Amino acid sequence: MAAYRDVDQATLDAVQDVDVGRMSFVRVRMFGPDDPFQAMDSYTGDVVRIGETLLDAGSGEWEPAFEAALAHLVGDLLVMDRVILQPAWRGLGLGPVLAGAAIRRLSQGCVAVVCESGSADGRELTEEQHRQAAAKLGGVWARLGLEPFRDGVHILDCRLQRTPDLLAER
């Protein structure tokens, strides 16, 4: 606030930043000069696993099953890489609200939003805990319209009318 106008110290003392969590999204340009699979491969292991599920690694084209799941295949791919809430903010229904708002803002011109359910906060999980977390998150993402696709990847077709309806509802 002080950088933009004169603000007294009392006003600055009244403002407090609250760290609720963090989100990370990756926009993959499908029709640009770079190979989309290579771009995903250079980002993170989670993003490349999604790329392996949705793209043919050799050609960088959509996998036929992914093509069949979408209404229109023109646009970029938006990968919801991480949505991590601070422990004090978990369990309040805030994750889908914040993720939905980010998706609405970032998905313009995208064919789909995709994610892989799992723990993203760095905790070490057993295989059973990972399955439980993935199932729970899969239910959360379903409330935003993301549907299970394959190998733990969920997809949201940005061209369907129910997508903005679900995001607005959240």
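What percentage of the contacts in the chain with a separation of 6 or more is accounted for by residues 24 or more positions apart? In this predicted model, where contact means heavy atoms within 4.5 Å, such residues account for 69% of those contacts. Residues are numbered from 1 along each chain as its sequence is written, and side-chain values use heavy atoms, with hydrogens and water left out. Because the model is predicted, local features need pLDDT of at least 70 and side-chain atom pairs count only at pLDDT 80 or more, whereas totals for chains, interfaces and linings use all residues.

The chain has seven helices and five strands, which are DSSP runs numbered from the N terminus (helices being H or I of at least four residues, strands E of at least two). Along the sequence these elements follow the pattern α-β-α-α-α-β-α-β-α-β-β-α. Of the 170 residues in the chain, 36% are buried, a term that stands for under 20% relative accessible area, with exposed meaning over 50% and partly exposed what lies in between (1.4 Å probe, protein chains only). The accessible surface of the chain, from the Shrake-Rupley method with a 1.4 Å probe and, for residues, with only the protein chains shown counting as cover, comes to about 10,000 Å², and 50% of this surface belongs to carbon and sulfur atoms.

For L77, once neighbours within four places in sequence are left aside, the contacts are V26, R27, V28, M30, M40, L54, W62, F66, C110, A112 and V114.

In the tilted pair, W62 and F66 are 5.0 Å apart centre to centre, with 50° between the planes, and both residues are buried. The rings of F66 and F149 have centres 5.7 Å apart and planes at 75°, so this pair is edge-to-face. Since F66 lies in helix α4 (residues 64-69) and F149 in strand β4 (residues 147-150), the pair ties together parts that are 83 residues apart in sequence. F66 is buried, with a relative accessible area of 0%, whereas F149 is partly exposed at 21%. W62, F66 and F149 form one aromatic cluster.

F149 is also among the contacts of T53, a residue that, with neighbours within four places in sequence left aside, is in contact with E63, F149, R150, D151 and V153. T53 lies in helix α3 (residues 45-54) and counts as buried at 5% relative accessibility. By contrast, V18, in the loop between α1 (9-14) and β1, is exposed, with a relative accessible area of 52%.

Technical notes: Phe/Tyr/Trp six-rings, centres within 6.5 Å; stacked < 30°, edge-to-face > 60°.
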